[in-house]
Amino acid sequence: MEDPSHAPHAAPFTTSQKVYLWLAAIASTCLVVADIVGVKLFHITLYGFTVEHTTGMLTFPVTFILTDVLNEFYGKKAARRVVFLSLAMAVLAFIVMNIAQAMPRLDAPYNVSQESFDQIFGSAKIMYIASLTAYLVGSLADIAMFARIKRLTGGRFVWLRATGSTVISQFIDSFIVSFVAFSLGRRLFPSPGVEPAPFDDILKIAATGYTLKFVLAILTTPLIYLIKWALTRYFGLRPIAPEKVIG
């Protein structure tokens, strides 16, 4: 047996690796939380404008912000790796929720009822799948467009590549999640009394979600600059040079 005292020690993480680890953890957590709490819809009226959408919007936009940050400092490959990691964690959470739902319930007055548990974790399975599908396609589109805009502009205009890539990718995301959740998903997994939505209604639902995401993309652009400044100022990170961006 090898003497532990003579075993080679693992090299400590660099600052860049530590930051990447934290960004990946936050991104995957935000996706999982968005898919879990997204079963609840909210209604807010401000200055005569009414917004109705899923509470998953509390954390879901963060995933696209962090995707842009990862793309800026670590490149396309590193950003895609976090997307796949986040997707895997969301799938794992989905599997665990289904197993938990199927497990026999302890019949005790202090235990949550099976009906309440099923209502929360069982009523949004199609939406969960739709959300993950849209996230995967939208995120990969965002990464590709962000890198291309960065290369075309020579690394200038952070606002253009951050907002431009997000605005376009969120259009794709909004359409896919609406189509899968309200049309394709209902055709593949039909429920009594629930019909697939007409294509015109799907476009209206997608347009509503996209409008909200578009506004959030504009409002969060300064946050991209703030994060970029903080990572450069306090952690010594430097963005990937535009000539090293491929695609």
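The crossing of helices α2 and α6 is right-handed, meaning that the near helix is turned clockwise from the far one by less than a right angle. Helices here are DSSP runs of H or I, at least four residues, numbered from the N terminus.

Before I go on, this is a predicted model, where local features need pLDDT of at least 70, side-chain atom pairs count only at pLDDT 80 or more, and totals for chains, interfaces and linings use all residues. Residues are numbered from 1 along each chain as its sequence is written, and side-chain values use heavy atoms, with hydrogens and water left out.

Back to the pair. α2 and α6 pack at an angle of about 135°, their axes 11 Å apart; axes are lines fitted to C-alpha atoms over the stretch in contact, and angles run from 0 to 180 degrees between N-to-C directions. The two are therefore oblique to each other, since under 35 degrees is roughly parallel, over 145 roughly antiparallel, 65 to 115 roughly perpendicular and the rest oblique.

Which residues of α2 meet α6? They are Phe60, Phe64, Asp68 and Glu72, with contact meaning heavy atoms within 4.5 Å. On the α6 side, the residues include Val158, Arg161 and Ala162.

Now Glu72, in α2, residues 60-74. Is Glu72 buried or exposed? At 4% relative accessibility, Glu72 counts as buried: the cut-off is under 20% relative accessible area, with a 1.4 Å probe and protein chains only. Its side chain makes a polar contact with that of Arg161, at 2.9 Å. A polar contact is an N or O pair within 3.5 Å, within protein one able to donate a hydrogen and the other to accept it; residues adjacent in sequence count only if both atoms are side-chain atoms.

Methods:
Buried < 20%, exposed > 50% of the residue type's maximum accessible area, 1.4 Å probe, protein only.
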